[in-house]
Amino acid sequence: MAFDGTWKVDRNENYEKFMEKMGINVVKRKLAAHDNLKLVITQEGNKFTVKESSNFRSIEIIFELGVTFNYSLADGTEVTGSWSLEGNKLVGKFKRLDNGNELNTVREIIGGEMVQTYTYEGVEAKRIFKKE
């Protein structure tokens, strides 16, 4: 699948505003903007494995399309939800466990880059990754 491979964050769009809306404090926002996030994505049928490494943590997430799971964001925010495949996009629909607000994520390949778009409370941000 097109998402398979090692992806390193290259640039962000509106990421600071997004993190502010999420309630992340200014110090964590400044650090997160330069976290050197790297994702290693592998897909076997409907099962995805994502190895996530950054300046803050290294974790492995295993999920199946359409199956709800719990996940902890790098800042400690707990969410629950699932990923689905809609055309050529991976679409994540999550709810925060602390306040019930929706956090939606879309991953898509555009011009050889993986664009990850986050939407939370009307604020949209993008993180653009280049394949290593």
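## The span 5-22

The end C-alpha atoms of residues 5-22 lie 29 Å apart. The span is 39% helix and 50% strand. Helices (H or I, at least four residues) and strands (E, at least two) are DSSP runs, numbered from the N terminus. For residues 5-22, UniProt lists "domain: Cytosolic fatty-acid binding proteins", in an unreviewed entry. UniProt annotations may be inferred rather than shown by experiment; feature names are shortened, and positions follow the numbering used here.

This is a predicted model: local features need pLDDT of at least 70, side-chain atom pairs count only at pLDDT 80 or more, and totals for chains, interfaces and linings use all residues. Residues are numbered from 1 along each chain as its sequence is written, and side-chain values use heavy atoms, with hydrogens and water left out.

## D35 in its loop

D35 sits in the loop between α2 (26-32) and β2 (38-44). D35 is buried, at a relative accessible area of 6%. Buried means under 20% relative accessible area, exposed over 50%, and partly exposed in between (1.4 Å probe, protein chains only).

What does D35 touch? Leaving aside residues up to four places away in sequence, D35 touches V9, S54, N55, F56 and R127. Contact means heavy atoms within 4.5 Å.

## Salt bridges

How many salt bridges does the structure hold? There are 12. A salt bridge is a side-chain nitrogen of Lys or Arg within 4 Å of a carboxyl oxygen of Asp or Glu. One of them joins E16 and R29, with the closest N and O atoms 3.2 Å apart. E16 lies in helix α1 (residues 15-21) and R29 in helix α2, so the pair ties together parts 13 residues apart in sequence. E16 is partly exposed at 28%, whereas R29 is buried at 11%.

K89 and E108 form another, with the closest N and O atoms 3.9 Å apart. This pair links distant parts of the chain: K89 is in strand β7 (residues 89-96) and E108 in strand β8 (residues 102-110), 19 residues apart. K89 is partly exposed at 32%, and E108 is buried at 16%. K126 and E124 meet at 3.9 Å, N to O. K126 is partly exposed at 24%, and so is E124 at 43%. Salt bridges that share partners join D10, R11, E113 and K130 into one network.

## Aromatic pairs

The whole structure has eight aromatic pairs. Rings of Phe, Tyr and Trp (its six-membered ring) pair if their centres lie within 6.5 Å; planes under 30 degrees apart count as stacked, over 60 as edge-to-face and the rest as tilted. Y15 and F18 are stacked, at 6.1 Å centre to centre and 15 degrees between the planes. They are three residues apart in helix α1, so about one helical turn separates them. Y15 is buried at 12%, and F18 is buried at 5%.

The rings of F48 and F63 have centres 5.3 Å apart and planes at 5 degrees, so this pair is stacked. F48 lies in strand β3 (residues 47-53) and F63 in strand β4 (residues 58-64), so the pair ties together parts 15 residues apart in sequence. F48 is buried at 0%, and F63 is buried at 4%. Ring pairs link F48, F63, F69, W83 and F94 into a cluster.
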